[in-house]
Amino acid sequence: MTDQLDRQRALVAQACRVAAARGLVDGILGHLSLRVDDEHLLIRCRSDTDTGLAFTRPSDIRLVTFDGTAGAEGELDGYRVPNELPIHIETMLSDRTFRAVAHLHPAAIVAADLAGIAIRPIYGAYDISGAWLARRGVPVYERAVLIRNSRLGKEMVAAMGGGPVVICRGHGITSAAATVAQTVLQAISLDELARMSLRVRAAGGVPRDIDERDWDDLPDLGPAFAVEAAWRHEVARLGEVGLSASPPQAGGGTPPQAGGAPTLWGRTPTSTPSGPASSPDANRVDRQSPWPP
Ligand SMILES: [Zn+2]
């Protein structure tokens, strides 16, 4: 169990670094989490040695309860849960398939929303995953507040409307999925849609939805390509932008295994008898998937 937790800490930390490398967060803000069973989650915490999301260490990922207390002895010694923990808790409680949650502050998405530009499927094969994610629109939580209690967390989840992503106006986004990698990939796709929309507007154009008949020929390219290969690229890319994919450990974690991407997805379905994987609805993990069936 300890080894598994350490692998999960490394995975969440790596996803934080990917999000930072993609410009989805800036500085010290934003956080990711992964539920480990019905009462515990791993979440990116803060400490007096915190140097920001881009430099997240596995040891920054702490085990906490859904009440925000230490999930095991010493887990919060020297660490503090983020103020916006309720974002993660309320999102996970809203749907058992949401094992992972990313709360990020992507500037382009915030800017597009403030400019009155809705995130829509304005392209197709350019990024099929992103197009499907936006097909039915991306909901907006219209309050710019710090979501620091369960009341506000529930408000945001209500705005999400059961979907995997929500824009928090004047704030950022929340992305939920079965794996931390998927939460970040969804955020990357939304960010690209926002950037393209802003470019079209800047060029004097008007972003428009793709033709309805085109959806039949925008197939699901499969997880091996759309998720696993995409994530391998994100991890490899960390090196290109000067960030290490496996930074020196500061205790409390083991680095991701080289070439072991499929084991790093948070797919740990059999070790927690009370956890989501053994629950009756475990088989509907993809229900929220924005991709075509
Ligand atoms: Zn925030």
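This is a predicted model: local features need pLDDT of at least 70, side-chain atom pairs count only at pLDDT 80 or more; totals for chains, interfaces and linings use all residues.
A residue is called buried here if 20 or more other C-beta atoms lie within 10 Å of its own.

1. **Strand 9.** By that criterion, strand 9, residues 172-177, is mostly covered, with six of its six residues buried. In a regular strand the side chains alternate between the two faces of the sheet. Here both faces are covered: G172, T174 and A176 are buried on one side, and I173, S175 and A177 are buried on the other.

2. **Its partner on one side, strand 8.** Strand 8 (residues 165-168) runs antiparallel to strand 9, and four bridges join the two. Strand 8 and strand 9 form a hairpin with three residues between them. In that turn, G170 has a positive phi of about 65°.

3. **Its partner strand 6.** Strand 6, residues 100-104, also pairs with strand 9, in the antiparallel sense and over five bridges. A100 stands opposite A177 in strand 9, while the bridge partner of A102 is S175. Strand 6 is itself largely enclosed by the rest of the structure, because five of its five residues are buried. A100, A102 and L104 point one way from strand 6, V101 and H103 point the other way, and all of them are buried.

4. What is the order of the strands in the open sheet? It has seven strands in the order 4-2-1-6-9-8-7, and the pairing is mixed. Strand 4 (61-65) and strand 7 (140-141) are at the edges with a single partner strand each, so one side of each is left without a neighbour in the sheet.

5. **Helix 2 on the sheet.** Helix 2 (residues 85-94) packs on this sheet and touches strand 1 (31-35), strand 2 (40-44), strand 6 and strand 9. The direction of helix 2 makes about 145° with that of strand 6.

6. One place to look is H31, which stands opposite H103 in strand 6. Further along, strand 2 and strand 4 pair in the antiparallel sense over five bridges, and the bridge partner of L41 in strand 4 is V64.

7. **Helix 6.** Helix 6, residues 180-202, has 23 residues. From its first C-alpha to its last it reaches 33 Å, close to the 33 Å expected at 1.5 Å a residue. Just after helix 6, G204 takes a positive phi of about 90°.

8. **Helix 1 against helix 6.** The axes of helix 1 (residues 2-21) and helix 6 come within 9 Å and cross at roughly 10°. With angles under 35 degrees counted as roughly parallel, helix 1 and helix 6 are therefore roughly parallel to each other. The contact is made by L11, V12, A15, V18 and A19 of helix 1, together with V180, A181, V184 and A187 of helix 6. Those contact residues divide into nine nonpolar, no polar and no charged.

9. **A closer look at V18.** V18 is found in helix 1. Why does V18 count as buried? It has 28 C-beta neighbours inside 10 Å, against the cut-off of 20 or more. Leaving aside neighbours within four places in sequence, V18 is in contact with V184, E234, V235 and L238. V18 and T56 are 38 residues apart in sequence and 9.9 Å apart in space, C-alpha to C-alpha.

10. **Whole-chain numbers.** The chain has seven helices and nine strands. Of its 293 residues, 43% count as buried. Taking the contacts in the chain with a separation of 6 or more, residues 24 or more positions apart account for 72% of them.

Technical notes: Residues are numbered from 1 along each chain as its sequence is written. A residue is buried if 20 or more other C-beta atoms lie within 10 Å of its own, exposed if 12 or fewer, and partly exposed in between; C-beta atoms are placed from the backbone. Two strands pair if DSSP finds at least two bridges between them. The expected span of a helix is 1.5 Å times one less than its number of residues. Axes are lines fitted to C-alpha atoms, for helices over the stretch in contact, and angles run from 0 to 180 degrees between N-to-C directions. Angles under 35 degrees count as roughly parallel, over 145 as roughly antiparallel, 65 to 115 as roughly perpendicular and the rest as oblique. Two residues are in contact if their C-beta atoms, placed from the backbone, lie within 7 Å. Ala, Val, Leu, Ile, Met, Phe, Trp, Tyr, Cys and Pro count as nonpolar, Asp, Glu, Lys and Arg as charged, and the others, Gly among them, as polar.
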